[in-house]
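Subject: Handing over the structure, with notes on what was found

Dear colleague,

Please find the sequence and the structure below. I would be glad if you kept them open while you read the notes that follow.

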Amino acid sequence: MNTSHTKDTLDVIALVGSLRRESFTRTLTRALIVMAAPTLHIELLNIGELPLFNQDDEDAPPPITQALRARVRRADAVLFATPEYNRSVPGVLKNAIDLASRPYGANAWAGKPAAVISTSPGAMGGFGANQHLRQVLMAIDMPAMPQPEAYIGNVHKLLDAEGQIVDAGTRDFVAGFLASFETWIRRQRPAVHEA
Ligand SMILES: Cc1cc2nc3c(=O)[nH]c(=O)nc-3n(C[C@H](O)[C@H](O)[C@H](O)COP(=O)(O)O)c2cc1C
């Protein structure tokens, strides 16, 4: 394996599929960011101000879309954290994905290792959104970490007023998820950088 590109700190971006002020998904993502090892630097992107994708503009999009594409290109990997809307991915997240996937032949996501974590106040933990998102990641050529799958159900009961994960089992699970993600990224990166 070519390890010549190995670097100590990985640059990861996180996209959250909720714009809600008190979003459980964003709160959980912030907790993950704090828990992540120093070698896994995660930056939460704001995707709420992006325009709706319009193919007429894909060759010369506004600066905010160009900035998204540039940030995705710089990143070593992407963490997608999503609630479930009508058994699928919220439009705001799909919109950001579409914006950075174009124009044809200039897909900014290509080859970036990804991880998916889905949430719900319900028991199923956003399973439908998680699986739909994985299907999309295949289309944009992102190797998505297969295991551990992360379906965080009853999410509203797992966080306290300060945004900390109060449930010890969930904290352990999240710590393992992050460690696996770092391993996954480092395993994929030589291929990414030689592409
Ligand atoms: C349009 C819409 C559709 C929803 N559909 C689902 C669903 O299919 N499955 C589910 O578990 N929760 C569903 N919910 C409830 C969300 O899981 C809940 O609002 C959750 O708090 C959203 O995530 P957030 O807290 O990060 O904003 C839906 C909510 C909205 C607004």
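Which side chain has an N or O atom that is 2.7 Å from a nitrogen atom of the ligand? The side chain is that of Glu-84, and the pair is a polar contact, a term used for N or O atoms within 3.5 Å of each other; within protein, one atom must also be able to donate a hydrogen and the other to accept it, and residues adjacent in sequence count only if both atoms are side-chain atoms.

Before going further, please note that this is a predicted model, in which local features need pLDDT of at least 70 and side-chain atom pairs count only at pLDDT 80 or more, while totals for chains, interfaces and linings use all residues. Residues are numbered from 1 along each chain as its sequence is written, and side-chain values use heavy atoms, with hydrogens and water left out.

**The ligand site**

Around the ligand (counting residues with a heavy atom within 4 Å of it) stand Ser-18, Arg-20, Ser-23, Phe-24, Thr-25, Pro-83, Glu-84, Tyr-85, Asn-86, Arg-87, Ser-120 and Pro-121. A polar side-chain atom of Thr-25 lies 2.5 Å from an oxygen atom of the ligand, and a polar backbone atom of Asn-86 is 2.8 Å from a nitrogen atom of the ligand.

Asn-86 belongs to the loop between β3 and α3, where helices (H or I, at least four residues) and strands (E, at least two) are DSSP runs numbered from the N terminus. Asn-86 has a relative accessible area of 79% and is therefore exposed, given that exposed means over 50%, buried under 20% and partly exposed in between, with a 1.4 Å probe and protein chains only. Arg-87 is found in the loop between β3 and α3 too, and Arg-87 counts as exposed because its relative accessibility is 52%.

Most residues other than glycine have a negative phi, and most peptide bonds are trans. Asn-86, however, has a positive phi of about 50 degrees, and Arg-87 has a positive phi near 65 degrees. As for the peptide bonds, the one joining Arg-102 and Pro-103 is cis, with omega about 0 degrees, and Pro-103 lies in the loop between α3 and β4. The bond from Gln-147 to Pro-148 is also cis, with omega near -5 degrees, and Pro-148 is placed in the loop between α4 and β5.

**Strands and crossovers**

Strands β3 and β4 run parallel and are joined by five bridges, two strands being counted as paired if DSSP finds at least two bridges between them. Val-78 has Ala-114 in β4 as its bridge partner. From β3 the chain crosses through helix α3 (residues 91–100) to β4 in a right-handed β-α-β crossover, which means that, with the strands pointing away from the viewer, the path from the first strand over the helix to the second runs clockwise.

β4 also pairs with β5 in the parallel sense, over three bridges, and Ser-118 stands opposite Tyr-151 in β5. The chain passes from β4 to β5 through helix α4 (residues 127–139), and this β-α-β crossover is right-handed.

Why is β4 described as largely enclosed by the rest of the structure? The reason is that six of its six residues are buried: Ala-114, Val-116 and Ser-118 on one side, and Ala-115, Ile-117 and Thr-119 on the other.

**Cores and packing**

In soluble globular proteins, nonpolar side chains tend to be buried together. A nonpolar core is a set of buried Ala, Val, Leu, Ile, Met, Phe, Trp, Tyr and Cys residues joined through side-chain atoms within 4.5 Å. The largest one here has 28 residues, of which Val-12, Leu-32, Leu-40, Leu-79, Ile-117, Phe-177 and Phe-181 touch the most other members. Elements giving two or more residues to this core include β1 (10–16), α1 (24–35) and α5 (168–194), and α5 provides the largest share, six residues. Apart from this core lies another, of 26 residues, among them Ala-75, Ile-97, Ile-140 and Met-142.

In helix α3, the residues Leu-93, Asn-95, Ala-96, Ile-97, Leu-99 and Ala-100 are buried, and the buried residues of α3 pack against β1, α2 (63–74), β3 and α4, a contact meaning heavy atoms within 4.5 Å.

With best wishes
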